[in-house]
Amino acid sequence: MDNFQKEIDERANLALSNKFELLLFRLGSDQLKGKSELFGINVFKLREIVPMPAITKAAGMRSPLLGMASIRGQFIPVIDLPAVAGCVPETGLNLLLVTEYARNTQAFAVESVENIVRLDWSQVHTAEAGIGGRNITSIACLDSDKQSNELAMVLDVEQILYDIIPSVRGVEPEVARPRAFPYRPGAVAIVAEDSKVARQLLEQGLKSMGIPALMFNTGLDAWEKIKLMNQEAQAAGESIRDKIALVLTDLEMPEMDGFTLTRNIKRDPTLKTLPVVIHSSLSGSANEDHVRKVGADGYVAKFELNELSDVIFNVLDAARQE
């Protein structure tokens, strides 16, 4: 158990240097391209890998939901990942990737697992529109050569779960609890989130709170916009808080992760008073420790809108009193 916890801590610590570990796996032949491609998932979201167990299929279950599996005494839903990605396994569904996302545990059936690679988030780039339609959120270059053809497609797991498992959609309230959020008139929220469905939920949630938002797919894009708005504020003799009410960021994002974005903001003397809330499907004490280390003002696990509303209200209220 001590060694296991040490490995978890080491992987969590990678986030403080804009790095992470990606598990590479295969799903079979692509129905359009006719070849097997590499896919990836963040190791930190992976609980374990197990051989394919017996699957119990309940009445009414349809593809890509295979059924339920009992793993260490817990019944969890099993998703046919090749079916989601438009692939046909050549040797069958042989393994389950048991993962924890957004307060839920689920398993993804895959054909085979390759290995684990350690990458910098700068090696991960947003997917092109044509690829993104296949539940792919980004493309990882597996070596430092940006011209390399050694690539892996990183799945938009949040979108997959939202589409397939009703309980994931069920945690989304229609509107946040009504209240007057304390921020300066004309200011906006800067939101960094690479998952399409998460961006939509956050945009709807902030709208119900009455907070206008600018949405960005990567931490780097958000950071560039923050710097530009800071320059405009300084030129006009204004505070950055006149332009930006708060920054709401995911942790896992192409090009720059949420920890690095937060650290950049809090290290800049002209930006450090900006409230930063981290909103992530990565949960656990290790991540909450890192949130404190990089100076974020709040942390909330996805997707409970009233909880997010409470955290945003509290950090804005604290910022107003400074």
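The side chains of Lys266 and Asp297 meet in a salt bridge, with N and O 2.8 Å apart, where a salt bridge is a side-chain nitrogen of Lys or Arg within 4 Å of a carboxyl oxygen of Asp or Glu. This pair links distant parts of the chain, since Lys266 belongs to helix α8 (residues 258–267) and Asp297 to the loop between α9 (285–294) and β17 (298–301), 31 residues apart. Helices (H or I, at least four residues) and strands (E, at least two) are DSSP runs, numbered from the N terminus. With a relative accessible area of 39%, Asp297 is partly exposed, a class that lies between buried (under 20% relative accessible area) and exposed (over 50%), computed with a 1.4 Å probe on protein chains only.

The model is a predicted one, in which local features need pLDDT of at least 70 and side-chain atom pairs count only at pLDDT 80 or more, while totals for chains, interfaces and linings use all residues. Residues are numbered from 1 along each chain as its sequence is written, and side-chain values use heavy atoms, with hydrogens and water left out.

**Salt bridges**

The structure holds 13 salt bridges, and the table sets out three of them.

| Pair | N to O distance | Residues apart in the chain |
|---|---|---|
| Lys266 and Asp297 | 2.8 Å | 31 residues |
| Arg72 and Glu48 | 2.8 Å | 24 residues |
| Lys19 and Asp120 | 3.7 Å | 101 residues |

Lys19 is partly exposed at 33% relative accessibility, whereas Asp120 counts as buried at 17%.

The pair of Arg72 and Glu48 joins the loop between β4 (65–71) and β5 (74–80), which holds Arg72, to strand β3 (residues 46–51), which holds Glu48. Here Arg72 is exposed, with a relative accessible area of 72%, while Glu48 is buried at 12%. Both residues also take part in a network of salt bridges that links Arg47, Glu48, Arg72 and Glu100.

**Backbone details**

Arg72 has a further feature, a positive phi of about 55° although it is not a glycine. Glu255 likewise has a positive phi, of about 75°, and is not a glycine; Glu255 is placed in the loop between β15 (244–249) and α8, where it counts as partly exposed at 23% relative accessibility. Elsewhere, the peptide bond from Ser63 to Pro64 is cis, with omega near 10°, and Pro64 is found in the loop between β3 and β4.

**Nonpolar cores**

A nonpolar core is a set of buried Ala, Val, Leu, Ile, Met, Phe, Trp, Tyr and Cys residues joined through side-chain atoms within 4.5 Å. The largest such core has 27 residues, and those with the most contacts inside it are Phe25, Phe39 and Leu81. Two or more residues each come from β1, β2, α2 (81–85), β7 (95–101), β8 (104–110), β11, β12 and α4, and the largest share, four residues, comes from α4.

Ser138, in strand β11, is buried at 2% relative accessibility. The residues that Ser138 touches, leaving aside those up to four places away in sequence, include Val124, His125, Met153 and Pro254.

**Cavities**

Rolling a probe the size of a water molecule over the atoms shows where empty space is left. On a 1 Å grid over the protein atoms alone, a cavity is a set of points where a 1.4 Å probe fits but cannot get out, and lining residues have an atom within 4 Å of a point. A search of the whole structure finds four cavities of 30 Å³ or more, and about 190 Å³ of space lies in the largest cavity, a volume being the space filled by probe spheres set on the grid points, which are joined across faces, edges and corners.

The lining of the largest cavity has 21 residues, of which Lys45, Thr137, Leu155, Asp194 and Glu252 lie nearest its centre. The elements that give two or more residues to this lining are β1 (19–30), β2 (36–42), β11 (136–141), β12 (151–155) and α4 (157–164). The lining residues divide into nine nonpolar, four polar and eight charged, with Ala, Val, Leu, Ile, Met, Phe, Trp, Tyr, Cys and Pro counted as nonpolar, Asp, Glu, Lys and Arg as charged, and the others, Gly among them, as polar.

Conventions
1 Å grid on protein atoms, 1.4 Å probe; cavity = no way out; pocket = protein on both sides within 12 Å on 5 of 7 lines; lining within 4 Å. Contact = heavy atoms within 4.5 Å.
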